[in-house]
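Please look over the sequence and the structure shown below before reading on.

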Amino acid sequence: MNHAELAAFLKSRRDRVRPADIGLPAGPRRRVPGLRREEVAQLAGLSADYYTELERGRGAQPSAQVLAALARALRLSGDERDHLFHLADRPLAPAASGPATLVQPALLGLLDRLGTTPAQVITDLHEPLAQNPLAVALLGAMPTGRGPERSFVYRWFTDPAARGLYPAEDHPHHSRVFTADLQAVAARRAKDADVTRMVAALRRRSAEFAELWEQREVALRRTDHKRIVHPSLGVIELDCHNLFSEDGRQRLLWFSAPPGTEGHAQLELLSVIGTQDLGAGVDS
């Protein structure tokens, strides 16, 4: 492990991130061009003392989980993330090095600026990568762990509890939309192992999915009108918008409602209620 180069690289990347990039005011008293050490530590879920030791070229070798958290906090590109792992003498696990596991900086930058509407970044397989606080309040926290269960589409067809997000009468519509969207992703990512495994598993486990898959409807979900069941506010009618990354592997989703509508008023109330009395998390 190259302690000195790792320390220098972390400091150079910290200096590059401006407070406004993560929603902080610049302020007249800031003595550093970028983020403070404690701000990086907070974003990465680390102690300030631990991160300070890394920047001073001391301390134990950081784990792959710590490096991934630092890459997200410092808005590193894919190449920069790989370089960070090399400096720390950590191998890139196949699951960690894929293009869809690290939030793309452009989408993350936009997510940071969407503070007044629920928004999140997901993969094209509907695996959640990042949420803002209002998305957590509306949809619940992101699921933990790895595997196909992280995908909301997978849970939609295999876990009845996942369907509690939408009223029962809307379930057929969402089943068709999810299946058509996955058809488009599978076509674009031909022979991709993750997509192939997910489709095969869904066809085995869900008769509904297998029947819809055979209909071969293809349509990426770009916009949709949703009715979302919230545990405190009841049914909230919202428009769901999607912004795709250049390679199509990630999407920024955000929810809105026209001013003057009940949905708009409920979103404003949601910002007050926050995450009280929320159930299990979902991702789209």
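How many salt bridges does the structure hold? This is a predicted model, and the structure holds 19 salt bridges. The points below begin with some of these pairs and then turn to the helices and the cores.

**A salt bridge between aspartate 112 and arginine 75**

- The side chains of aspartate 112 and arginine 75 come together in a salt bridge, with a distance of 2.2 Å from N to O.
- This pair links distant parts of the chain, since aspartate 112 belongs to helix α7 (residues 105–113), while arginine 75 sits in the loop between α4 (64–73) and α5 (78–87), 37 residues apart.
- Aspartate 112 counts as partly exposed because its relative accessibility is 26%, whereas arginine 75, at 16% relative accessibility, counts as buried because the cut-off for buried is under 20%.

**Salt bridges around aspartate 124**

- Arginine 188 and aspartate 124 meet through their side chains in a salt bridge of 2.9 Å, taken from N to O.

**The contact of α4 with α5**

- The axes of helices α4 and α5 come within 10 Å and cross at roughly 145°, and the crossing is right-handed.
- On the α4 side, Ala64, Leu67, Ala68, Leu70 and Ala71 take part in the contact, and they meet Arg81, Leu84 and Phe85 in α5.
- Sorted by class, this contact has seven nonpolar residues, no polar residues and one charged residue.

**Nonpolar cores**

- The largest nonpolar core has 37 residues, and of these Leu138, Phe157, Leu202, Ile228 and Leu238 touch the most other members.
- At least two residues of this core come from each of α8 (133–139), α9 (152–158), α10, α11, α12 (207–215), β4 (234–244), β5 (250–256) and α13 (262–273).
- Leaving out residues up to four places away in sequence, leucine 138 touches Pro118, Ile228, His230, Ile236, Leu238, Phe255 and Leu270.
- Another core, of 24 residues, lies apart from the largest one, and among its members are Leu70, Ala73, Leu74 and Ala88.

**Residues with a positive phi**

- Arginine 75, in the loop between α4 and α5, has a positive phi of about 60° although it is not a glycine.
- Aspartate 89, which is found in the loop between α5 and α6 (94–97), likewise has a positive phi of about 60° without being a glycine.
- Aspartate 89 counts as exposed because its relative accessible area of 51% is over 50%, whereas arginine 75 is buried, with a relative accessible area of 16%.

Definitions and conventions. Residues numbered from 1 in each chain as written. Predicted model: local features only at pLDDT ≥ 70, side-chain atom pairs only at ≥ 80, totals over all residues. Heavy atoms only, no water. Salt bridge = Lys/Arg side-chain N within 4 Å of Asp/Glu carboxyl O. Helix = DSSP H or I, 4+ residues; strand = E, 2+ residues; numbered from the N terminus. Buried < 20%, exposed > 50% of the residue type's maximum accessible area, 1.4 Å probe, protein only. Axes fitted to C-alpha atoms, helices over the stretch in contact; angles between N-to-C directions. Left-handed = near helix turned anticlockwise from the far one by under 90°. Contact = heavy atoms within 4.5 Å. Nonpolar A, V, L, I, M, F, W, Y, C, P; charged D, E, K, R; others polar. Core = buried A, V, L, I, M, F, W, Y, C linked by side-chain atoms within 4.5 Å.
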